[in-house]
Amino acid sequence: MTVSTVEYIRYRIPEQQSAEFLAAYTRAAAQLAAAPQCVDYELARCEDDFEHFILRITWTSTEDHVEGFRKSELFPDFLAEIRPYIGDIEEMRHYKPTTVRGSGASVPTLYAWAGGAEAFSRLTEVFYDKVLKDDLLAPLFADLAPEHAAHVALWLSEVFGGPPAYSETQGGHGHMVAKHLGKGITEPQRRRWVSLLQDAADDAGLPTDAEFRSAFVAYAEWGTRLAVYFSGPDATPPGEQPIPRWTWGSAPPYRG
């Protein structure tokens, strides 16, 4: 998990020039879209004072922006479009995200949509019952601790937007990764794990709507592929990192 840099550029553009300004940035955006250093971008206009604009660009890092994009063949065309408005810049700075982050309640978390703590407890109980009966996966869990299913329920709950109970009682992402070191998980075992997790989700009564299940399976694919890597002989354990927070992605919950 990487931490990107966010660049904010505040403009004050006379209202009679706003149409030309927006047109210029529409053309300049093609260079941002083509830049491998650019994660995403957005130009917003103030509702209270139409002369104020804020451009937000997420870069892979400040160095990638300054030493990469600005020295690339894309930058001259970008600069040519925005040059007339450089004098209208009121602020241009890079910012790093802090640990203060979260989402509002306008869109429910995956945790809430699934049914909260009880749903994830049911899920892991059903899942590990299946695992211990599975010829391919049972050897990996021969020494399964009695509290393992409950800990995984806390992990999944936090990943999908629930309370930080795993972080507070067990540790962060590095703690979970450490449990896979040296396990030598194979690709067939990974696939079986994902398959049984989906079966357990059905049996435990988790939502079956396409939007929830696509996000649910996406995390299972991402997490298990990391598990395979970190269980291998050449894996380097990551530094301490917060637990990932999974969201709906490109398919938010459907509300008819």
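**Strand pairing and nonpolar cores**

Me: Through how many residues does a hairpin join E2 to E3?

Reply: This is a predicted model, in which local features need pLDDT of at least 70, side-chain atom pairs count only at pLDDT 80 or more, and totals for chains, interfaces and linings use all residues. Residues are numbered from 1 along each chain as its sequence is written; side-chain values use heavy atoms, with hydrogens and water left out. The hairpin between E2 and E3 comprises 6 residues.

Me: Which residue in E3 stands opposite Thr5?

Reply: Strand E1 (residues 5-12) is also antiparallel to E3, with 8 bridges. The E3 residue facing Thr5 is Trp59.

Me: Why is strand E3 largely enclosed by the rest of the structure?

Reply: Buried means under 20% relative accessible area (1.4 Å probe, protein chains only). Strand E3 (residues 52-59) is largely enclosed because, of its 8 residues, the number buried is 6.

Me: Which residues have the most contacts inside the largest nonpolar core?

Reply: A nonpolar core is a set of buried Ala, Val, Leu, Ile, Met, Phe, Trp, Tyr and Cys residues joined through side-chain atoms within 4.5 Å. The largest has 35 residues, and helix H5 (116-131) is among the elements giving two or more. The residues with the most contacts inside this core are Leu123, Phe160 and Leu206.

Definitions and conventions. Buried < 20%, exposed > 50% of the residue type's maximum accessible area, 1.4 Å probe, protein only. Helix = DSSP H or I, 4+ residues; strand = E, 2+ residues; numbered from the N terminus. Pairing = 2+ DSSP bridges.
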